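Good morning, and thank you for coming.

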Amino acid sequence: MSILPILIHPDPRLKKMAEPVTEVTDKLRTLADDMLETMYDAPGIGLAANQVGVLQRILVMDCVKEEGEDPRPMVLLNPEVIAASEELGTYEEGCLSIPEQYAEVKRPAVVTVRWMDLDGAMQEEEFDGLWATCVQHEIDHLDGKLFIDYIGPLKRQMITRKMQKLKRERARA
Ligand code: K2U
Ligand code: ZN
């Protein structure tokens, strides 16, 4: 198990479409484990493969936040939203690839997602609340989309410039 480096925006790999998973290999299982370890270490409640530089359609999430509740680590391969509510929910989103920047994003409040699990079986589940926000945020990553793509151009440009400065400082460190 290892903690993987998380790419910081702007990075071309964060804007690319990830490729469908065609075979569940031991290598993929190790990647899923490493993505979960990396997510918990960040800490975060979701992580998409693009964010660790792998252009495969795999995401992990665990949005259980109540202390004392059992964690629910999930691994979704080739996830698809197959139904979405008309009703929208608003959430102050952040992103592990855009540290310390937040913006209000509106998304469907309830989504039904179909995916393949690590056993190769198809799964389908309805998500609401933070789980719905998170799974849509992660599927966006697999499509090369970031939460800042939903905000105005001026605020997006300001955030991008802040991240470019952060990357220059990290490179010097
Ligand atoms: O994909 C990521 O960058 C991890 C995101 C997932 C996420 C973003 C917005 C809303 C829900 C999930 C987060 O940085 S994980 C950090 C976090 C923790 C608690 C609540 C929201 C976000
Ligand atoms: Zn993100």
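Predicted model: local features only at pLDDT ≥ 70, side-chain atom pairs only at ≥ 80, totals over all residues.

Let me begin with ligand 1. Where does ligand 1 sit? Its place is the largest pocket. There are 16 residues around ligand 1, and those that come nearest are Ile45, Gly46, Gln51, Leu96 and Glu138. Sorted by class, this shell consists of 6 nonpolar, 7 polar and 3 charged residues.

Which elements supply at least two residues each of the shell around ligand 1? They are strand E4, residues 88–93, and helix H2, residues 129–142. H2 provides the largest share, with 6 residues.

We may now turn to the polar contacts of ligand 1. A polar backbone atom of Leu96 is 2.7 Å from an oxygen atom of the ligand. For Gln51, an N or O atom of the side chain is 3.0 Å from an oxygen atom of ligand 1. In the case of His141, a polar side-chain atom lies 3.4 Å from an oxygen atom of ligand 1. As for area, ligand 1 taken alone exposes 480 Å², and the protein buries 88% of that.

The next topic is ligand 2, which is a zinc ion. Which protein atoms are the donors of this zinc ion? They are SG of Cys95, NE2 of His137 and NE2 of His141, at 2.1 to 2.3 Å from the ion. Along the chain, the donors follow the spacing C-x41-H-x3-H. Consider the pair Cys95 and His137, which links distant parts of the chain, 42 residues apart. Cys95 belongs to the loop between E4 and strand E5, residues 103–108, while His137 is in helix H2. Please note His141 in particular: this residue is a donor of the zinc ion through NE2, and a polar atom of its side chain lies 3.4 Å from an oxygen atom of ligand 1.

The peptide bond from His9 to Pro10 is cis, and its omega is near -5°. Pro10 is placed in the segment before helix H1, which spans 26–41. Ala42 and Pro43 are also joined by a cis peptide bond, with omega about -5°. Pro43 lies in the loop between H1 and strand E1, residues 46–48.

Which values of phi deserve a look? Asn78 is a residue other than glycine, yet its phi is positive, near 45°. Asn78 has its place in strand E3, residues 74–84. Glu100, although not a glycine, has a positive phi of about 60°.

Thank you for your attention.

Notes
Residues numbered from 1 in each chain as written. Chains lettered and ligands numbered in written order. Heavy atoms only, no water. Near = heavy atom within 4 Å. Polar contact = N/O pair within 3.5 Å; in protein donor to acceptor, adjacent residues only side chain to side chain. Areas by Shrake-Rupley, 256 points an atom, 1.4 Å probe, with all protein chains shown as cover. 1 Å grid on protein atoms, 1.4 Å probe; cavity = no way out; pocket = protein on both sides within 12 Å on 5 of 7 lines; lining within 4 Å. Sits in = over half its atoms within 2 Å of the grid points. Helix = DSSP H or I, 4+ residues; strand = E, 2+ residues; numbered from the N terminus. Nonpolar A, V, L, I, M, F, W, Y, C, P; charged D, E, K, R; others polar. Donors = N, O, S within 2.8 Å, 3.2 Å for Na, K, Ca; no water.
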